[in-house]
Amino acid sequence: MSDTLFAKIIRREIPADIVYEDESVLAFRDIHPQAPVHVLFIPKTPVATLNDLTEADAPGIGRLVLAATHFAKAEGLAEDGYRLVINCNRDGGQTVYHLHLHLLAGRAMQWPPG
Ligand code: 5GP
C-alpha cells in the first residue's frame with residue numbers, strides 16, 4: 001500500500017500527540033476531535049482497510065482493540081463507556097487508508113450514527 005500520513009506519524013516525520021505505544025501499536029489524539037476524548041489506535045504494520053485483513057492479521061487486530069480498552073480503563077473512561085469505530089472505504093467514512101481504530105469518549109454517543 002502507498003505511504004500515508006499515519007506512516008509519517010509512526011516515523012516521527014510529522015508531529016502527533018502520542019498517548020500510547022508498544023511494539024505493534026501507536027495511539028495519538030485525533031487532530032479534529034469528535035468527542036472530548038478522541039484517540040486513534042493504528043497498527044505499526046500498515047493495512048489499508050478492513051477489507052484487506054487476512055487471518056495473519058487476527059493477533060494484530062486483537063492487540064489494537066486491547067490497547068484501546070486498556071487505555072480507556074487507565075484514563076477512567078471505562079465505567080461511563082466509550083465507542084470504538086473502524087471506518088471502511090467511502091460509505092464508511094474512511095479518509096486515511098491506514099487502518100485505524102477510533103476511541104471516542106467523554107460524552108454520550110448517539111445511535112444510530114449519522
Ligand atoms: P477516518 O475518516 O479515515 O476514519 O479517520 C481519519 C482521522 O484522522 C480523522 O478523524 C482525522 O481527523 C484524523 N486526521 C487526519 N489527519 C490527521 C493528522 O495529521 N494528525 C492527526 N492526529 N489526526 C489526523
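Predicted model: local features only at pLDDT ≥ 70, side-chain atom pairs only at ≥ 80, totals over all residues.
1. Local features need pLDDT of at least 70, side-chain atom pairs count only at pLDDT 80 or more, totals for chains, interfaces and linings use all residues, and side-chain values use heavy atoms, leaving out hydrogens and water.

2. Start with the largest pocket, which holds about 870 Å³ of space. A pocket here is an open set of points on a 1 Å grid over the protein atoms alone, where a 1.4 Å probe fits, with protein on both sides within 12 Å along at least five of seven lines; lining residues have an atom within 4 Å of a point. Its lining has 34 residues, and Asp 30, Gln 34, His 38, Asn 87 and His 102 lie nearest the centre.

3. The second largest pocket has a volume of about 210 Å³. Among its 14 lining residues, Pro 43, Thr 45, Asp 57, Gly 60 and Ile 61 lie nearest its centre. Helix H2 (residues 58–74) gives the most to this lining, with five residues; helices are DSSP runs of H or I, at least four residues, and strands are runs of E, at least two.

4. In H2, Leu 64, Ala 67, Ala 68, Thr 69, Phe 71 and Ala 72 are buried (under 20% relative accessible area, 1.4 Å probe, protein chains only). After H2 comes Gly 76, with a positive phi near 75°.

Methods. Residues numbered from 1 in each chain as written. Points joined across faces, edges and corners; volume = space filled by probe spheres on them. Buried < 20%, exposed > 50% of the residue type's maximum accessible area, 1.4 Å probe, protein only.
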